Amino acid sequence: VDNFNKGLEDLPFDGTALEKAEMQAKALNFDYSLGARVSSSLEDFFIGGAKNVASIAGQGFLHLAKAITQNPVSDLKLDKMISSMEQNITNYNVRIAEEREATIPPPLMADDIEGASGTFRYIGEALADNSPSILTTFLPLGAAVAGGLRVAGATAKGIGMKAALQAQKRYAMFAMRSSQAIFFTGESGGKYGEIQVAEDKAIKALPEMQERYKNMVVGENGITQEDKNQLADEIADNKRMSSYGFVNKAFTSFGYGATAALAETLGSLKIVTGGANLAKNYGKVVAKKAAYESMGKYRMQLAKTYIKGMSPLITKAAPSEVMEEGITQIGHNSFDIIALGEDKSMFEGLDKDFLLKTAITSFAIGGPTTMQGTVNLLKNEVRTKQEVDANKLKVNELLNIEARKQPGKPLSKLDQQRKTELITDLA
């Protein structure tokens with residue numbers, strides 16, 4: 001709030017106190033809680049995405065029916081149905097956008113961060129805005145846990161291992177495909193909603209802009225030719241945005257979704273599903289037993305294991321997430337340029353805030369998985385050390401049994417049985 005009010009003080013309001021009062025009133029109406037930001041993001045991604053994709057599918061079906069029937073009477077009915085469906089989804093998207101604009105404050109930028117509270121706020125907003133992606137990414141992890149529990153149960157009981165492994169594989173495949181579908185739907189629907197809102201604003205703004213352009217006279221009231229040219233460019237942009245065809249909208253929206261789903265599969269989803277392999281990669285225990293005879297070496301190995309376990313968070317998770325989101329952003333910009341004719345750079349949006357917020361998200365996505373993998377590694381080291389200690393005790397017990405043996409006489413039945421057990425365990 002303080003940053004927002006400070007920005008108000010720096011803005012020129014042409015001496016109009018009313019405009020400043022309106023801006024301050026708007027700021028007071030904002031809900032600055034991260035919970036509200038999370039709720040808005042989840043609604044936009046999951047509910048809004050599903051509704052928009054359903055509308056695209058419905059309109060596509062009606063357009064296909066129109067192309068097949070080629071009947072003037074039925075075409076008129078189909079056109080009305082398509083128009084009604086499009087207007088309904090536009091109304092929904094405009095309402096959601098207006099509610100968000102009225103209640104959710106603009107995100108804090110890196111250059112506006114002040115002190116520790118500003119830093120925590122920046123991190124919180126980054127996580128809140130990306131909460132749908134974070135939740136969706138952990139779907140495969142949940143399936144991996146469920147599959148692992150089933151395999152563990154089968155191992156404990158000694159039965160049904162093949163069925164448990166097959167179920168684990170099915171869980172993983174279902175979760176991966178579900179995550180891909182969610183990303184595709186959320187991103188596709190989000191882009192379609194964005195297009196519909198921009199189109200609605202452009203249609204409403206055009207009449208006033210055209211009237212203003214018609215009345216502009218260079219040289220009067222300080223108006224320059226540059227001002228008139230700028231307004232002409234804005235009118236051209238609004239005409240373009242208000243004249244998108246259904247194919248352009250659908251192609252761009254689905255392109256957004258496909259790009260995001262592919263990038264997430266190669267990035268975040270791979271990081272999470274690969275987390276279960278951490279323990280296996282470092283789980284070789286045979287060579288460590290000799291080293292664990294020394295407590296100093298054991299402590300050193302624990303430290304090395306912790307570093308090995310956590311290092312993927314820096315060396316793998318963050319770079320992968322930045323690359324994934326970078327590819328997604330470039331792909332999205334490409335669809336805007338090619339399908340929608342937008343005048344923008346292919347690298348637009350790849351700025352300091354993009355890198356920082358992507359890194360923050362990568363820690364949220366990779367952190368729990370990496371930590372769990374590290375815990376598994378440390379447990380593995382502890383189990384190995386415990387095994388070394390247990391072997392020492394068994395060797396001592398075996399020596400004691402041999403010491404009790406009297407010359408020329410066999411061991412007692414109990415000692416012989418225990419000796420056999422010890423030798424078997426130490427083999």
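This is a predicted model: local features need pLDDT of at least 70, side-chain atom pairs count only at pLDDT 80 or more; totals for chains, interfaces and linings use all residues.
A crossing of two helices is left-handed if the near helix is turned anticlockwise from the far one by less than a right angle.

The protein chain has 427 residues, with 15 helices and 0 strands. Of those 427 residues, 34% count as buried. The accessible surface comes to about 24600 Å², and carbon and sulfur atoms account for 62% of that. On contacts, take the ones between residues at least 6 apart in sequence: 78% of them join residues at least 24 apart.

Now to the packing of helices. Two packed helices are described by the angle between their axes and the distance between the axes.

As for what makes up the contact of H3 with H4, the residues divide into 10 nonpolar, 11 polar and 8 charged.

The second pair is H3 with H10, which covers residues 246–266. Here the axes lie 11 Å apart and the angle is about 140°. That makes H3 oblique to H10. H3 passes H10 in a left-handed crossing, which is where the opening definition applies.

Which residues of H3 and H10 meet? From H3 they are Ile56, Gln59, Gly60 and His63. Facing them in H10 are Phe246, Ala250, Ser253 and Phe254. By class, the contact of H3 with H10 has 4 nonpolar and 4 polar residues, and no charged ones. To set the two side by side, the contact of H3 with H4 includes 8 charged residues, while the contact of H3 with H10 has none.

Gly331 lies in H13, the helix of residues 295–340. Is Gly331 buried or exposed? The cut-off for buried is under 20% relative accessible area; Gly331 has 16% relative accessibility, so Gly331 counts as buried.

How values were computed. Residues are numbered from 1 along each chain as its sequence is written. Side-chain values use heavy atoms; hydrogens and water are left out. Helices (H or I, at least four residues) and strands (E, at least two) are DSSP runs, numbered from the N terminus. Buried means under 20% relative accessible area, exposed over 50%, partly exposed in between (1.4 Å probe, protein chains only). Contact means heavy atoms within 4.5 Å. Accessible areas come from the Shrake-Rupley method with a 1.4 Å probe; for residues, only the protein chains shown count as cover. Ala, Val, Leu, Ile, Met, Phe, Trp, Tyr, Cys and Pro count as nonpolar, Asp, Glu, Lys and Arg as charged, and the others, Gly among them, as polar. Axes are lines fitted to C-alpha atoms, for helices over the stretch in contact, and angles run from 0 to 180 degrees between N-to-C directions. Angles under 35 degrees count as roughly parallel, over 145 as roughly antiparallel, 65 to 115 as roughly perpendicular and the rest as oblique.
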